[in-house]
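We will go from stop to stop, and at each one you will find something to select and something to look for.

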Amino acid sequence: MAGVLLLPGDGIGPEVTEEARALLVRVAPDVELEEGLVGGCAIDAEGTPLSDATLDRARACGLVLLGAVGGPRWDALPVEKRPEKGLLRIRKELGLFACLRPAKVIDALADASPLRREAVVGVDLIVVRELTGGIYYGEPRGRSDRDGTRRALNTMVYDEHDIARIARVAFETAAGRRRRVTNIHKANVLEVCKLWNEVVEEVARDYPDVELEHQLVDSAAMVLLRDAPRFDVLLCPNLFGDILSDEAAMITGSLGMLASASIGEPGRGLFEPVHGSAPDIAGQDKANPLAAILSVALLLEHGLGRPEEAARVRRAVERVLDEGYRTLDLARGPHTRVLGTREMGKRVREALS
Ligand code: NAD
């Protein structure tokens, strides 16, 4: 029996996770759920943002659904003891090497985008970012002042195994979508990207039904603003994925709608909203639970291998939005009906049937 560890965390984390939990119970009643502490609440109760005992439970379950961590109460702590260290520890210990960030513009919310409606209607893409290698981790690194001149360096390094592993995630993801991978690179100046492209092409041979195109990262940043609907899956090294996934997210204009998945070997993954703990609205029944609910869709699809149930969740969310219901963060215009966190969660559950 599959198990999922719920880590609601801090601020609005518990409020949105509660709606995600209730939905998951409805869609997949056979999945066993456990609950634990992460972030600031874990610091208060256990003296550390992620205890060894909670980590052991995360390892045993393999799949984690997280709310959000952090808040002003823990801001003064030294870096090593801060709430987000709990998150980083889970990612590392579960070996989560791929980050999936979907950016979909739901028709009913197209006006929330900072771009013109015509440029964003139909956007439905997913950034597949390599998460544990590249320039963020490469050696040598550091500061090496010399002869009175300040100097620093970082190293972008990938081996063929790292590249093949993330490329497979991108092709598998595309195979279940519109079957197109856009490989993001800078091979005109970086040797590491030449190897990256070479290996991606080798992996592509195992997916003859998926179209592969290569695109320079700088031009991809422009096309995202001009013609984002053309993208399906963007495969990115760590640095490029970090930047482009935020740009893609901004196109949707709705922080409260964005979900993410960090995945590793089959059956291992961390699923969470992109937003933080929003201390300014915590405990007021104002938080948008849809990013947490859409994180459940990612969990169903990429963690539990249940794409049909995932699609059911997404359809329910779209139905509720089509009917004009909004949380406060999405409310625009006279025809919207504003709901609190709990009521929005309830409407989505009702829309499942
Ligand atoms: P934030 O995402 O928490 O909030 C930014 C703004 O968006 C706020 O005005 C907030 O009210 C609003 N918002 C966020 N999520 C919302 C939702 N679901 N519904 C409605 N409105 C929402 O970012 P921040 O204010 O920069 O950070 C607050 C805390 O969260 C900090 O301690 C930060 O370190 C932490 N944080 C945690 C994560 C995480 O757990 N993954 C991510 C980002 C920030």
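By about how much of a helix are R59 and D56 separated in helix α3? Select residues 52–61, which make up helix α3, and show both side chains: R59 and D56 are 3 residues apart, so about one helical turn separates them.

Before moving on, please note that this is a predicted model, in which local features need pLDDT of at least 70 and side-chain atom pairs count only at pLDDT 80 or more, while totals for chains, interfaces and linings use all residues. Residues are numbered from 1 along each chain as its sequence is written, and side-chain values use heavy atoms, with hydrogens and water left out. Helices (H or I, at least four residues) and strands (E, at least two) are DSSP runs, numbered from the N terminus.

**Stop 1: the pair in α3**

Stay with R59 and D56, which form a salt bridge whose closest N and O atoms are 2.9 Å apart. The term means a side-chain nitrogen of Lys or Arg within 4 Å of a carboxyl oxygen of Asp or Glu. Side chains of opposite charge can pair when their charged atoms come close. By this rule the model has 30 salt bridges.

Are these two residues buried or partly exposed? R59 is partly exposed at 30% relative accessibility, and D56 is partly exposed too, at 44%. Here buried means under 20% relative accessible area, exposed means over 50%, and partly exposed lies in between (1.4 Å probe, protein chains only).

**Stop 2: D75 and R82**

Next, select D75 and R82, whose side chains meet in a salt bridge at 3.8 Å, N to O. D75 is partly exposed at 44%, whereas R82 counts as buried at 19%.

**Stop 3: a linked network**

Now pick R230 and E213, which form a salt bridge at 3.0 Å, N to O. This pair links distant parts of the chain, 17 residues apart: R230 lies in the loop between α8 (217–227) and β10 (233–236), and E213 in strand β9 (residues 211–216). R230 is partly exposed at 26%, while E213 is buried at 14%.

**Stop 4**

Switch to a surface view and colour D159, E160, E198, E201 and E202, a patch of negative charge. Patches are made of residues with over 30% relative accessible area and no salt bridge, like charges being joined within 9 Å. Helix α7 (residues 191–204) gives the largest share, 3 residues. E160 sits in helix α6 (residues 160–175) and is partly exposed at 46%.

R312 is found in helix α11 and is partly exposed at 30%.

**Stop 5: H275**

Finally, select H275, in the loop between β12 (269–273) and α10 (290–303). H275 is buried, with a relative accessible area of 10%. Show its contacts (heavy atoms within 4.5 Å). Leaving aside residues up to four places away in sequence, H275 touches I12, V16, A68, L255, G256, N288 and A291.

Note on methods. Patch = residues over 30% accessible without salt bridge, like charges linked within 9 Å, V, L, I, M, F, W, Y side chains within 5 Å. Areas by Shrake-Rupley, 256 points an atom, 1.4 Å probe, with all protein chains shown as cover. Lys, Arg positive; Asp, Glu negative; His and termini not counted. Charge placed at Lys NZ, Arg CZ, Asp CG, Glu CD.
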